[in-house]
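I kept each entry brief and set down what I looked up in turn.

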Amino acid sequence: DGKGMGAITMPPPMSLMGKGKPFTMEFQSAPGQVGAPMPMMTPLEEPKEEKPINIPNPCEMRRVYTLYLGNIPEVVKDSFILELLSYCGTVLRWKRTTWPEDPSKVTRFGFAAFVDPAAAWRASTWLKDQRLVGRTLVPKLLDHDQEVIDQWKVETGQKDDEDAEDGSYMYDEKAKMPPRRRIEQLIHEYNCNHFQKDKKKKVIPTENREREELRKKRVRDYQAKLDKEYSNHVQSLEDDVKRRRKMEAEEDELDRQEEVAEAEQLVAQKLQRAALDGNQAQLTLHNLAQKIYSIPKNELFARPLKWPLLKRERILQNKLKPWLIKRVALIFGGRQDDFVEYYLRRMNVEVNPRELLEEVQRFLDEEAQGLVETTWRLLQYEAERIAATT
């Protein structure tokens, strides 16, 4: 107003954008002066530069522990499974693929990667035998990870019937309960919501609630009594069956020993005849096997497979499937039929070996290379063998 001093903070001029600092323009006029005051520019203090926050990257950790989770109902979303796993500890990743012939449907199994052994052990223990939408979940650690976790249990004194209290799991502050109990509660709520989705909820009057609870308790007690009687009856039958099987096994063992002796005698005779005849066919197959197993991996994957011949002779069912069941059982430490079914379905659609290797590597990491490569060598050998003998 021309009577004193004022200040206005302004950005730097366009010509100085990116070069100068914001400044304050002060206006000062002499007492009694009328007219525009003279501006004075004073630079503001430069804001202090904030230090970046270093967030550790979980992928840089040395060890990853992989859990196979099988028998998952197809209606269960991945978000719910991931929520259950997060109560066990830090989850690095969760992978669940779709069926080859119908990408809209997810498989009944998936793989979770944890960054510490306690979390992987909790998941394999807490999710075991849990019933989700009528299916019993099957958590299984990969064989080499199981060995590391067994060693960790020995070093830490961890017992199977105790929870690992190392603070790495997610405690539910809102629910005010331990994580294992929270997992059981979430599964129970999910089952109730699923089975009562299209049913009306029965509203029980307040005065009848105690009576209803007593009735339910009587029903539960009676059901528990029946279950116990049935369990005892089944146990008795199982014991009787075991005794019979033991007797039959002993008899079978005697018969087997006699058959083995006869077979060894026949084999010795055949070997003698084969040695005399030169056994050209056996020598040919032996040379063929050596040839197939000496092919480098890149050349092996580039060679086309005779799919029509393999399917016509049912090699996938009669040769590949029995071998695959045994190989997968060695990797997981037990049979995993869901994974075997998925693998065979991919083979039935004549999948490219490199594409199959990329898919399996997402689940099995270093085990995938040997599994896919050996599969291709087996199929190449069978195709060449059939072609050579027909």
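**Entry 1. Starting point**

I noted before anything else that this is a predicted model.

I followed one pairing in detail. Strand 5 runs antiparallel to strand 8 (residues 110-114), and 4 bridges join the two. As one example, I recorded that Arg-93 has Ala-113 in strand 8 as its bridge partner.

**Entry 2. A hairpin**

I turned to strand 6 (residues 98-99) and strand 7 (residues 102-106), which pair in the antiparallel sense over 2 bridges. How many residues lie between strand 6 and strand 7 in their hairpin? I counted 2 residues between them. Within this pairing, Thr-98 has Val-106 of strand 7 as its bridge partner.

**Entry 3. Asn-71**

I next located Asn-71, which sits in the loop between strand 4 (65-70) and helix 1 (78-86). Leaving aside residues up to four places away in sequence, I listed what Asn-71 touches: Arg-108, Arg-135, Thr-136, Leu-137, Val-138 and Asp-338. With one of these, Arg-135, the side chain of Asn-71 makes a polar contact, side chain to side chain, at 2.6 Å. I also checked Asn-71 against Gln-336, which is 265 residues apart from it along the chain. The C-alpha atoms of Asn-71 and Gln-336 are separated by 9.6 Å.

**Entry 4. Helix 9 and helix 12**

I moved on to the helices. Helix 9 (residues 315-332) packs with helix 12 (residues 367-389) at an angle of about 155 degrees, and the axes are 11 Å apart. Helix 9 is therefore roughly antiparallel to helix 12. I recorded the crossing of helix 9 and helix 12 as right-handed. On the helix 9 side, the contact includes Leu-320, Trp-323 and Leu-324, while on the helix 12 side it includes Leu-371, Leu-378 and Leu-379. Charged residues also take part, among them Lys-319 and Arg-327 of helix 9 and Glu-382 and Arg-385 of helix 12. I noted the division of this contact by class as 10 nonpolar, 3 polar and 5 charged residues.

**Entry 5. Helix 10 and helix 12**

How do helix 10 (residues 337-348) and helix 12 cross? Their axes come within 13 Å and cross at roughly 50 degrees, so helix 10 is oblique to helix 12. The crossing of helix 10 past helix 12 is right-handed. I listed Phe-339, Tyr-343 and Met-347 from helix 10, which meet Leu-371, Val-372, Thr-375, Trp-376 and Leu-379 from helix 12. The classes in this contact are 7 nonpolar, 1 polar and no charged residues.

**Entry 6. Helix 10 and helix 11**

From helix 10, Phe-339, Tyr-342, Tyr-343, Arg-346 and Met-347 meet Glu-355, Leu-356, Glu-359, Val-360, Phe-363 and Leu-364 of helix 11. By class, I wrote down 8 nonpolar, no polar and 3 charged residues for this contact of helix 10 with helix 11.

Note on methods. Residues numbered from 1 in each chain as written. Predicted model: local features only at pLDDT ≥ 70, side-chain atom pairs only at ≥ 80, totals over all residues. Heavy atoms only, no water. Axes fitted to C-alpha atoms, helices over the stretch in contact; angles between N-to-C directions. Parallel < 35°, antiparallel > 145°, perpendicular 65-115°, else oblique. Left-handed = near helix turned anticlockwise from the far one by under 90°. Contact = heavy atoms within 4.5 Å. Pairing = 2+ DSSP bridges. Polar contact = N/O pair within 3.5 Å; in protein donor to acceptor, adjacent residues only side chain to side chain.
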